[in-house]
Amino acid sequence: MTTKLFGAPIARREDPRLVTGNGRYLDDLGHTAYEAAFVRSPHAHARIVDIDVTDALETPGLIGIWSHEDLGGAVGEPLPLLIPHPALTHPRTGYALAAGEVNHVGEAIALVVAEDRYAAEDAVARIRVDYDFLTPVVGLEKARAATDLVHAEVPGNVAANLRQEVGDVDAAMAAAPNRLRLDLTIERSACMPMEGKGVYAKWDSDAEHLTLWSSTQTATGVRAAVAARLGLPLAKVDCIAPDVGGGFGVKIMHPWPEEVLIPWAARLLGHDVKWTEDRREHFISSSHERGQLQEVEVGFDDDGRVLALDVKFWHDNGAFTPYGIIVPIITATQLLGPYKPGAYRVEFWSLYTNTVLVTPYRGAGRPQGCFAMERTMDAIADHLGIDRAEVRGRNFIQPAEMPYDHGLMFQDGRPLKYDSGDFPASLAKLKELVGWEDFATYREQAAAQGRRVGLGIGCYVEGTGVGPYEGAHVVIETSGRVNVATGLTTQGQGHQTVFAQIVADELGVPLESIHVTTGDTRRMPYAVGTFASRAAVMSGNAIALAAQAARAKALKIAADALEVSADDLEIVDGRVRVKGAPDTGMSIGMTAVLSNPLRYAFDDAAQAATQFAGTFDPDKPPVGDDEEPGLEGRDFYSPTQATFANGMHAAIVETDPVTAEITILRYCVIHDCGMMINPMIVEGQVHGGVAQGVGGALYERMVYDESGQLLNASFMDFLMPYATEVPHVETDHLETPSPLNPLGIKGAGEAGCIPVTAVIASAIEDAEGFPITSMPISPVELWELRQRHERGELPSLHRRADEATAKEQQ
Amino acid sequence: MTAEHSNLAAAQGGATVIPVAVIVNGVTRGATVPARRLLSDFLRHDLRLTGTHVGCEHGVCGACTVLLDGEPVRSCLMFAVQAAGREVTTVEGCGTLAELGPVQQAFADCHGLQCGFCTPGFVTTITAYLRENPTPTEAEAREAISGNLCRCTGYQNIVKSVLRAADLIGEQS
């Protein structure tokens, strides 16, 4: 085994199981469990007057019905504020079951458990809830106006207000020779994993032990939260994330009401209980993201260099803030992308509305920040008549300036300091890939055929691999089988493959002998979770360190047995052998045998480790003072800060001159996530991210009416892209290593979706010749913008006005 | 507010329970189920063939697609009783861990899946499609999968998988 597996596009080891229907997702477990369903509020803002279950009690198959009053102790208290922040002055969290007031359609009011889901839903339909209506606050405009309040005791509907400033923005703005102002809007979408949430809990009354399975992005987080709520010692609770059918952020939020209630009911009833979210529940009770109003003022010199950037934005955080203000903080900080404005000030207001709560969705505030920054770059270029790529290049942080400290505080409370990246090189590659310089000719040719095309561009930087830490445990069995456990979870990222690739290289064992477990608190109780594009960076490096520790121990044992120096040994294809004398050595499994002195010979391998086998020093104990039996390695990786990946996208779109239909003709991606463990998997992440980005740019939005009803809460009406809507993505990569971690890697999970909305807006604007300031955009909306433009209500881009003038003069 | 237990027969609200026998992946399998039992639940929970996944329960996402007498159908939009006596092919009938079927092999070869939740519906859909059109173009392959939702892959590698599966089937025959 001499081939290095790190960097190889090897096929995924999880796939044979998943393509044959042998995956085990949440609802594939617990066939004999009772099943739960919920009475959920049909009103966005109301007081609960009465819950009448009389009729429901007659439902055949019913086991029990509970509302808030039935929940004792911590289960009945408000759910935890997971990420407090000093600027979050008015945090509010919901209850597992609504306590007297509901604040969004979909909020859980009563838990019903029955012998199966059919019966549970029968009972739900027979429960009558009476409400006193309160005025719902829907949409950022209403929230900001604060004529009505979501929470009576939260003035102005403001959960948080945070301002950061670097340099003197007022002075720099006043001195700037050019100034522009942009008012921007970006609407709500949601993660929409194909598998919704789900919880299955088993209470073992003999052992007084709770095991729960949750379709989560953090098994350790759910375990700790449930133990706290149920008043159980941590040692009496385990949480396992089984196969998880996508997450994209919504499953990092925890504990969801159901994650608390299902284990609680299982313990109460002494019977397994399961809840599987259906799609409508997912729409109205799992979180959304993206919605922001933005005001940008920018001052710049005649070359297009940004001297002052002043950003204000209003962020819709929905009804509650359990996940803190992570999303708007990321918007505020990652907005800067690859650029270095002379002075920067950002202030945001995170506002309550009577809608589903808002927590990170892939990109987590970055798509909004990128939209603001990139719309600004395009506006500067248009104002000055300079090429859009050129304006960007002039504002780039240069490779020689790395590490680059923006002087801001990032979402992890640590400095926003870029570790590496070569933005000019990325831009050059992008221009080459999309044919930037040839586009004008292409546009003319298209125009001659009556076609309207546009070219768009967007650049971003993404802080990935945030701390605090992840850990790994590597155990080598006497058979040579290597068991690797890390605590964070997997939702399709191929961890069983990429982590095995790392271990194969570090240990020198065949890939086939390595078995990776993620998201199981029985195997690794110390972990944070899978979010912020952090799994490869955090667990990847922890696993490398743990494997190195196991390797060192194997070498030491073999060195003692072979009476050579450990420095003279190597491990190749699972054999520890003397360098230059490959026949002298032993299998790594044999070092595992020797690592664990035995009394009992239960198999041939064990016989070699028993007390009458071989020779030993009678003056030494079988296990030395500072040693442990077994061939294991355990280590943790905890970086000082995030590592910053980056990328640049360009798209060519065509807009139908009559129908305003928007078609993406080409989509090009340059992506730099440092060293790639498995380029095939990285590409897959980019493809998927772009597809979600396209959804967010052209199709997806959460349509709430003024009473807070989500009008499109189904896949019939919420337009998630099919294959026919997603363009073929052309990719190229840079690999600028991160100096922060031993493997030189950066995260890749979220990258693909970050700039898409900005890129598509840029391309449509370029095709149409007037500014695009609100996304997503549908053909109908584009058509209406055309009408406004024709009526003179919407100005032309300078470059189009100039072209028109030039044509008239000809 | 706890109610008394009642047995499962009564749990079905006195509704008719019907013995249903379906030929699933070539084997006649049966269970006695309420008339309202969905085919998807019958396969997943009565027969414990959990490879068929349920992503929306309103027939849009396609994750629950199975072949009914060879034709792709949404098993979440059918009652089990409607499939009585008919042949149903699920993802488990399209190959095994020991020997992946050609479409399954193609997905593994082309990185055509990430979380894998939607994959069974694609595998069954593509299996039926390639019988109809064994040599699709790339555009036809894309059209063929355009009734199934995937949130992870962006479809690019699924399109590739369709073409690869066509090649694998072509090599077999």
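Reader: In which sense do strand E20 and E21 of chain A pair?

Author: Two strands pair if DSSP finds at least two bridges between them. In this predicted model, strand E20 (residues 482-486) of chain A and E21(A) pair in the parallel sense, over five bridges. Helices (H or I, at least four residues) and strands (E, at least two) are DSSP runs, numbered from the N terminus. The model is predicted, so to speak, with limits: local features need pLDDT of at least 70, side-chain atom pairs count only at pLDDT 80 or more, and totals for chains, interfaces and linings use all residues. Residues are numbered from 1 along each chain as its sequence is written, chains are lettered from A and ligands numbered from 1 in the order in which they are written, and side-chain values use heavy atoms, with hydrogens and water left out.

Reader: Which residue stands opposite Asn483(A)?

Author: Asn483(A) has His515(A) of E21(A) opposite.

Reader: What is the order of the strands in the open sheet?

Author: The four strands run E21-E20-E19-E25 (chain A), with mixed pairing. E21 (514-518) and E25 (631-637) of chain A are the edge strands, each pairing on one side only.

Reader: Which strands does helix H13 of chain A lie across?

Author: Contact means heavy atoms within 4.5 Å. Angles run from 0 to 180 degrees between N-to-C directions, and axes are lines fitted to C-alpha atoms, for helices over the stretch in contact. Helix H13 (residues 495-507) lies across E19 (470-476), E20 and E21 of chain A, at about 130 degrees to E21(A). Helix H14 (residues 535-562) of chain A also packs on the sheet, touching E19, E20 and E25 of chain A, and makes about 145 degrees with E25(A).

Reader: Why does Arg117(A) count as buried?

Author: Buried means under 20% relative accessible area, exposed over 50%, and partly exposed in between (1.4 Å probe, protein chains only). Arg117(A) counts as buried because its relative accessibility is 13%. Arg117(A) is in helix H2 (residues 117-125) of chain A. Leaving aside neighbours within four places in sequence, its contacts include Glu35(A), Trp275(A) and Asp278(A).

Reader: How many residues of H4(B) are buried?

Author: In H4(B), 12 of the 14 residues are buried, including Phe122(B) and Tyr129(B).

Reader: Which residues touch the most other members of the largest nonpolar core?

Author: A nonpolar core is a set of buried Ala, Val, Leu, Ile, Met, Phe, Trp, Tyr and Cys residues joined through side-chain atoms within 4.5 Å. Among the 101 residues of the largest one, they are Leu309(A), Tyr418(A), Tyr667(A) and Ile760(A). Helix H9 (residues 366-384) of chain A gives the most to this core, seven residues.
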